[in-house]
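Hi,

Here is the structure I promised to pass on. Have a look first, and my notes on the charged pairs follow below.

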Amino acid sequence: MADKNVSNRMSKTEHYLEIALVVSKRSTCLKRRYGAVIVNNDEIISTGYNGNPRGEENCCDRGTCKRMNLPSNSGDYDDCFSVHAEQNAMLSASRKEMLGGTIYLAGEMSKDGSWIEIMDAEPCPVCFRMIKNSGIKKIVSKGTVIDL
């Protein structure tokens with residue numbers, strides 16, 4: 001007779017947040033690495049990470065970031081060439097696929113030469129509006145759940 005399953009299986013939320021964190025590792029930003037995973041009906045619809053548009057020089061390749069010492073999520077990104085993780089994930093999905101879905105966000109920030117996980121990853125004001133308009137109904141990070 002087989003033993004009962006007594007594993008420490010992670011929850012679906014933990015699973016999707018871990019995937020978002022892994023996706024963030026592709027980021028080209030020197031200040032913050034964000035990853036986004038859009039899920040609907042327990043299926044991954046798309047993923048995205050923050051970085052410069054295709055074909056543009058990346059901050060990590062250039063070695064400089066114009067926003068390194070500026071506040072995050074200020075909503076003023078005139079000096080940043082990056083496309084945010086949430087935006088890239090939404091660009092890779094159709095609105096029909098996103099309707100009623102959840103976006104999972106995870107990230108890390110640079111501090112003293114190492115990367116520290118952001119427990120309350122949240123979208124900037126522009127991405128927040130875009131997420132609401134996409135039909136996504138929930139934003140989830142390790143420290144925050146926002147129902148839209």
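By salt bridge I mean a side-chain nitrogen of Lys or Arg within 4 Å of a carboxyl oxygen of Asp or Glu. Keep in mind that this is a predicted model, where local features need pLDDT of at least 70, side-chain atom pairs count only at pLDDT 80 or more, and totals for chains, interfaces and linings use all residues. Numbering starts from 1 along each chain as its sequence is written, and side-chain values use heavy atoms, with hydrogens and water left out.

Searching the whole structure turns up seven salt bridges. One of them pairs Glu18 with Lys142, whose closest N and O atoms are 3.8 Å apart. Glu18 sits in helix 1 (residues 12–24) and Lys142 in the loop between strand 5 (138–140) and strand 6 (145–147), so this pair ties together parts 124 residues apart in sequence. (Helices, H or I of at least four residues, and strands, E of at least two, are DSSP runs numbered from the N terminus.)

For accessibility, buried is under 20% relative accessible area, exposed is over 50%, and partly exposed is in between (1.4 Å probe, protein chains only). Glu18 is partly exposed at 34%, and Lys142 is partly exposed at 41%.

Then there's Glu108 with Arg33, at 2.5 Å between the closest N and O atoms. Glu108 is in strand 3 (residues 102–111) and Arg33 in strand 1 (residues 32–40), so they link parts 75 residues apart in sequence. Both residues, Glu108 and Arg33, are buried.

Cheers
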